Amino acid sequence: MLQHDDVKDNLEHCKEIFSKKAIDCIESMFQIECSINSAWSVTERISGEFDHNISVGNGNETYQGIMAIGLNTSELESFFQYDQIDYIIDVFGEFANTYIGMLMDESEFTDRFGILTQAIPQYTQSKIYYPRAWACAGTIINDQGKPIYIGYALRKLTFRMLNLQER
């Protein structure tokens, strides 16, 4: 079990931001209506139990984060009319970048965690195992009732982690 710390509390305060920005981002990028499937929650780990996973790391001098998007093959067609996986990967990579950018525009988030610089989106076409880190996660359903999973995990860098990074 993860040690309770300020990351968990701060994520709890930002839960509504995570789900609201997910809806805003999906609706603007895909031009479809969507809604929250169920209340988002703070968990000890983001899920990678999907056929298609996109993740984007980000961080600053105090925190490391990772944003994850997960879909199963049966949901892809409700978001895309293309069957080219390279196109799908590019679009979801842009979605992830946009979503993180939208979070960085929210003072309630940045007052707690600062601005986190993004890395390049990564794709896996299989289930993936993410390490433990406090996360806010949930699903959004589109106008066809198909879900997309979105999770955002953060951990505070420790002195040991910072020391290893400097080597």
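**Entry 1: the largest cavity**

I sorted the lining of the largest cavity by residue type and recorded 7 nonpolar, 2 polar and no charged residues. In this sorting Ala, Val, Leu, Ile, Met, Phe, Trp, Tyr, Cys and Pro are nonpolar, Asp, Glu, Lys and Arg are charged, and the others, Gly among them, are polar. I note at once that the model is predicted, that local features need pLDDT of at least 70, that side-chain atom pairs count only at pLDDT 80 or more, and that totals for chains, interfaces and linings use all residues. Residues are numbered from 1 along each chain as its sequence is written, and side-chain values use heavy atoms, with hydrogens and water left out.

I then looked up the lining residues, which are His52, Asn53, Ile54, Leu71, Leu76, Ile88, Ile89, Phe92 and Tyr123. The elements that give two or more residues to this lining are β3 (52–59) and α3 (85–104). Helices (H or I, at least four residues) and strands (E, at least two) are DSSP runs numbered from the N terminus. A cavity is a set of points, on a 1 Å grid over the protein atoms alone, where a 1.4 Å probe fits but cannot get out, and a lining residue has an atom within 4 Å of a point.

How many cavities of 30 Å³ or more are there? I found 1 cavity by this rule. The volume of the largest cavity is about 40 Å³, taken as the space filled by probe spheres set on the points, with grid points joined across faces, edges and corners.

**Entry 2: Asn58**

I located Asn58 in strand β3. Is Asn58 buried or exposed? Asn58 is buried, as its relative accessible area is 7%; buried means under 20%, exposed over 50% and partly exposed in between, with a 1.4 Å probe and protein chains only.

The side chains of Asn58 and Tyr152 are joined by a polar contact of 2.9 Å. A polar contact is a pair of N or O atoms within 3.5 Å; within protein, one must be able to donate a hydrogen and the other to accept it, and residues adjacent in sequence count only if both atoms are side-chain atoms. Leaving aside neighbours within four places in sequence, I listed residues in contact with Asn58 (heavy atoms within 4.5 Å). Among them are Tyr63, Ile100, Leu116 and Tyr152.

**Entry 3: cysteines**

I searched the whole structure for disulfides and found 0. A disulfide is a covalent bond between the sulfur atoms of two cysteines; the search required the sulfur atoms to be within 2.5 Å. Cys25 is buried at 0% relative accessible area.

Cys136 is likewise in no disulfide, with the sulfur of Cys14 the nearest at 8.2 Å. Cys136 is also buried, at 0%.

**Entry 4: Met102**

I found Met102 in helix α3, partly exposed at 21% relative accessibility. Met102 and Cys25 are 77 residues apart in sequence, yet their C-alpha atoms are 8.0 Å apart. Beyond four places in sequence, Met102 is in contact with Lys21, Asp24 and Cys25.

**Entry 5: Gln31**

Most residues other than glycine have a negative phi. I recorded a positive phi of about 55° for Gln31, which is not a glycine. Gln31 lies in the loop between α1 (6–30) and β1 (34–36) and is exposed at 64% relative accessible area.

Methods: 1 Å grid on protein atoms, 1.4 Å probe; cavity = no way out; pocket = protein on both sides within 12 Å on 5 of 7 lines; lining within 4 Å.
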